[in-house]
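Please look over the sequence and the structure shown here before reading on. The paragraphs that follow go through salt bridges, surface, pockets and cavity in turn.

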Amino acid sequence: MTPALRKLAITAHVTFSVGWLGAVAAFLVLSIAGLTSQDAEVVRGAYLSMNLISRFVIIPTCFAALATGLLQALGTPWGLFRYYWILLKFGLAIFATIALLIHQFAVMAVAAKRVSGATAETLFSAELGPLKTELVRAPSLAILLLLVAASLGVYKPWGLTRYGRRKQQELRKVQQQPDNDTPLGVNIFYAVMGLLVLVVVMLHLTGHGFGGHGH
């Protein structure tokens, strides 16, 4: 990538990553309110809002952060498999994305459906207790995971992978070799000039060069 495009990709990745973290933090606040509030309308509104945040903010920013991070890795010398921290960060992003989708369709969507038309007694029943607890636990773990990924991007621990070391050695060998990438036209020009010089030398050796007469 060009320097301008690389800066744009970095800006986009940081923006989407921070947005993802902030949206999960908002989700966590609402989930705590849904777990602890004694107001039925607050509980109902919290879970319906969480469902909207998850569908229209968290999931889109998650995929955007993953895509821009992948673009950075593949479009810059950092690569995707050359450094342990990049490989681990990418693995965490893939895991978080899969877990997010499972959580949305298996937990969050179910919770929103159950509270939308539920009575006050149902909202505070023991039956919803495990579901409410899960909706607090999941975003808490997600925030921890996102903070770990952010730390990897800042500290960049562990250095090169075996693949990265091999690629680095190959690059050094290429840099040490003489540059043989001379254009074909230039090579042809040199070949013709060399042939002409050879003809001139042969003519001189036989006494026929520059109008000379053999004796």
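**Salt bridges, pockets and a cavity**

Lysine 167 and glutamate 170 are separated by about one helical turn, because they stand three residues apart in helix H6 (residues 162–176). The model is a predicted one. Lysine 167 has 28% relative accessibility and so counts as partly exposed.

A search of the whole structure finds four salt bridges. Another of them joins the side chains of arginine 137 and glutamate 134, at 2.7 Å from N to O. This pair sits in helix H5, and its members are three residues apart, so about one helical turn separates them. Arginine 137 counts as partly exposed because its relative accessibility is 44%. Glutamate 134, at 22%, is likewise partly exposed; the limit for a buried residue is under 20%.

Arginine 114 and glutamate 127 make a further salt bridge, their closest N and O atoms being 2.9 Å apart. Here the pair links distant parts of the chain: arginine 114 belongs to helix H3, whereas glutamate 127 lies in the loop between helix H4 (120–123) and H5, 13 residues apart. Arginine 114 has a relative accessible area of 34% and is therefore partly exposed. Glutamate 127 reaches 58% relative accessibility, so it counts as exposed, the cut-off for that class being over 50%.

The next feature is on the surface. Met1, Leu5, Leu8 and Leu71 form a nonpolar patch there, and together they have about 350 Å² of accessible area. Methionine 1 is placed in the segment before helix H1 (3–36). Its relative accessibility is 31%, so methionine 1 counts as partly exposed. That value also meets the requirement for a patch residue, because patches are made of residues with over 30% relative accessible area.

Because its relative accessibility is 17%, alanine 93 counts as buried. In sequence, alanine 93 and alanine 149 are 56 residues apart, yet their C-alpha atoms are 7.9 Å apart in space.

How much space lies in the largest pocket? The volume is about 770 Å³. The largest pocket is lined by 30 residues, and the closest to its centre are His13, Ser17, Gly69, Gln72 and Lys89. H1, helix H2 (40–75), helix H3 (84–116) and helix H5 (129–155) are the elements that give two or more residues to this lining. The largest share, eight residues, comes from H1. By residue class, the lining of the largest pocket has 22 nonpolar, six polar and two charged residues.

The second largest pocket holds about 410 Å³ of space. Its lining consists of 21 residues, with Ala99, Leu100, His103, Ala138 and Ala142 nearest the centre. The elements that supply two or more of these lining residues are H1, H2, H3 and H5. The lining of the second largest pocket divides into 17 nonpolar, two polar and two charged residues.

A cavity differs from a pocket because a probe fits inside a cavity but cannot get out. How many cavities of 30 Å³ or more does the structure hold? There is one cavity of that size, and about 40 Å³ of space lies in the largest cavity. The residues lining the largest cavity are Tyr47, Ala111, Val115, Leu128, Leu131, Lys132 and Leu135. H3 and H5 each supply at least two residues of this lining, and H5 gives the largest share, three residues. Six of the lining residues are nonpolar, none is polar and one is charged.

Definitions and conventions
Residues are numbered from 1 along each chain as its sequence is written. This is a predicted model: local features need pLDDT of at least 70, side-chain atom pairs count only at pLDDT 80 or more; totals for chains, interfaces and linings use all residues. Side-chain values use heavy atoms; hydrogens and water are left out. Patches are made of residues with over 30% relative accessible area and no salt bridge: like charges are joined within 9 Å, nonpolar side chains (Val, Leu, Ile, Met, Phe, Trp, Tyr) within 5 Å. Accessible areas come from the Shrake-Rupley method with a 1.4 Å probe; for residues, only the protein chains shown count as cover. Helices (H or I, at least four residues) and strands (E, at least two) are DSSP runs, numbered from the N terminus. Buried means under 20% relative accessible area, exposed over 50%, partly exposed in between (1.4 Å probe, protein chains only). On a 1 Å grid over the protein atoms alone, a cavity is a set of points where a 1.4 Å probe fits but cannot get out, and a pocket is an open set with protein on both sides within 12 Å along at least five of seven lines; lining residues have an atom within 4 Å of a point. Grid points are joined across faces, edges and corners, and a volume is the space filled by probe spheres set on the points. Ala, Val, Leu, Ile, Met, Phe, Trp, Tyr, Cys and Pro count as nonpolar, Asp, Glu, Lys and Arg as charged, and the others, Gly among them, as polar.
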